[in-house]
Amino acid sequence: MEIKDFTYTLPDKRQLYDHLNAHFEDDKVNILLGPNGVGKTTLLDFISTVKPRDLSSFEGFPAFKQIAYQIQGVPFIYEATVYNTIKMVMDIQTPNNRFTKADLPDVLQKVADVKYGKLSGGQRQLVIIDAFSRLNRQLYLFDEPESGLDPRMAQVVMQRIQQLNSEGKKIILTSHQFQNINNDHYHLLFLKDGKIRFEGSPSEFLKREGTSDLVQAYIKTDEDQ
Ligand SMILES: Nc1ncnc2c1ncn2[C@@H]1O[C@H](COP(=O)(O)OP(=O)(O)OP(=O)(O)O)[C@@H](O)[C@H]1O
């Protein structure tokens with residue numbers, strides 16, 4: 001999946017992308033990094049075609065029907081239990097499935113009968129990610145999937161996303177978290193000032209900035225420009 005020479009100006013005339021080029025790896029979890037407001041979410045909107053995109057700049061992305069896009073704070077029905085919420089998604093995907101509470105991950109089994117509206121923000125995030133991960137699509141877009149999660153739950157979510165990728169699913173996500181980017185199964189893309197300023201593995205990112213700390217590498221890359 002590639003974006004080639006993509007330029008986009010916001011309605012208020014600010015240029016968001018300036019001849020942007022980006023390459024996404026199919027067999028890695030692609031992570032869009034970059035400061036607040038640089039256009040990471042908007043890029044997911046273009047990739048998903050929620051925002052109509054310039055076909056000549058976007059190559060190799062699946063069609064809309066083959067994309068699952070988890071936007072931030074997606075609302076589910078507050079009165080439905082956790083089990084019923086995820087079962088509803090399963091029923092859309094696979095009618096007549098035999099999905100039971102035992103099929104939920106441990107962290108959600110504990111709250112299987114709790115209504116979605118009674119969950120904490122982090123617990124809702126876990127339900128959202130789990131539900132979207134059960135859709136059978138070619139490409140999954142996650143917008144800050146770890147937001148609001150404690151470190152252990154953030155790790156659970158990133159492991160689930162890595163598992164999806166190992167099952168052959170393509171992944172692009174945005175993130176401001178670094179604690180789980182701990183191996184080269186990730187492909188990092190650092191967006192700033194309308195262009196991708198770094199693209200490569202976490203170890204290449206660290207090497208380029210001469211540090212062993214991803215946060216430091218991030219700050220140095222941000223300051224470099
Ligand atoms: N509905 C909108 N109308 C006008 N401008 C918008 C709208 N949504 C976003 N923008 C602008 O587009 C720019 C990019 O926003 P976007 O949400 O893509 O950034 P981001 O990199 O995902 O930020 P963050 O890390 O804070 O989530 C922002 O500067 C914002 O002002």
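**Ground rules.** I number residues from 1 along each chain as its sequence is written. Since this is a predicted model, local features need pLDDT of at least 70 and side-chain atom pairs count only at pLDDT 80 or more, while totals for chains, interfaces and linings use all residues.

**Record.** I looked up the UniProt entry, which is unreviewed and lists residues 1–218 as "domain: ABC transporter". UniProt positions are given in the numbering used here, feature names are shortened, and annotations may be inferred rather than shown by experiment. I found the end C-alpha atoms of this span 24 Å apart, with 31% helix and 23% strand. Helices (H or I, at least four residues) and strands (E, at least two) are DSSP runs, numbered from the N terminus.

**Six-strand sheet.** I traced an open sheet with mixed pairing, in the order E5-E6-E7-E3-E8-E9. Two strands pair if DSSP finds at least two bridges between them. Strand E5 (67–70) and strand E9 (195–200) are the edges, each pairing on one side only. I then followed strand E8 (residues 186–192), which pairs with E9 in the antiparallel sense over five bridges. Phe-190 has Phe-198 in E9 as its bridge partner.

**Three-strand sheet.** I found a second open sheet, antiparallel, in the order E2-E1-E4. Strand E2 (15–23) and strand E4 (58–59) each have a single partner strand, so one side of each lacks a neighbour in the sheet. Strand E1 (residues 2–9) pairs with E4 over two bridges in the antiparallel sense. Ile-3 stands opposite Phe-58 in E4.

**Helix pair.** I compared helix H4 (residues 121–133) with H5: their axes come within 11 Å and cross at roughly 5°. Axes are lines fitted to C-alpha atoms, for helices over the stretch in contact, and angles run from 0 to 180 degrees between N-to-C directions. H4 is therefore roughly parallel to H5, a label for angles under 35 degrees. In H4, Gly-122, Leu-126, Ile-129 and Ser-133 meet Met-153, Val-157, Arg-160 and Leu-164 in H5. Contact here puts C-beta atoms, placed from the backbone, within 7 Å.

**Ligand shell.** Which residues are around the ligand? I listed Leu-10, Leu-16, Gly-34, Asn-36, Gly-37, Val-38, Gly-39, Lys-40, Thr-41, Thr-42 and Thr-174. A residue is near a molecule if its C-beta atom, placed from the backbone, lies within 6 Å of it. Helix H1 (residues 40–48) gives the most to this shell, with three residues.

Terms used:
Angles under 35 degrees count as roughly parallel, over 145 as roughly antiparallel, 65 to 115 as roughly perpendicular and the rest as oblique. Two residues are in contact if their C-beta atoms, placed from the backbone, lie within 7 Å.
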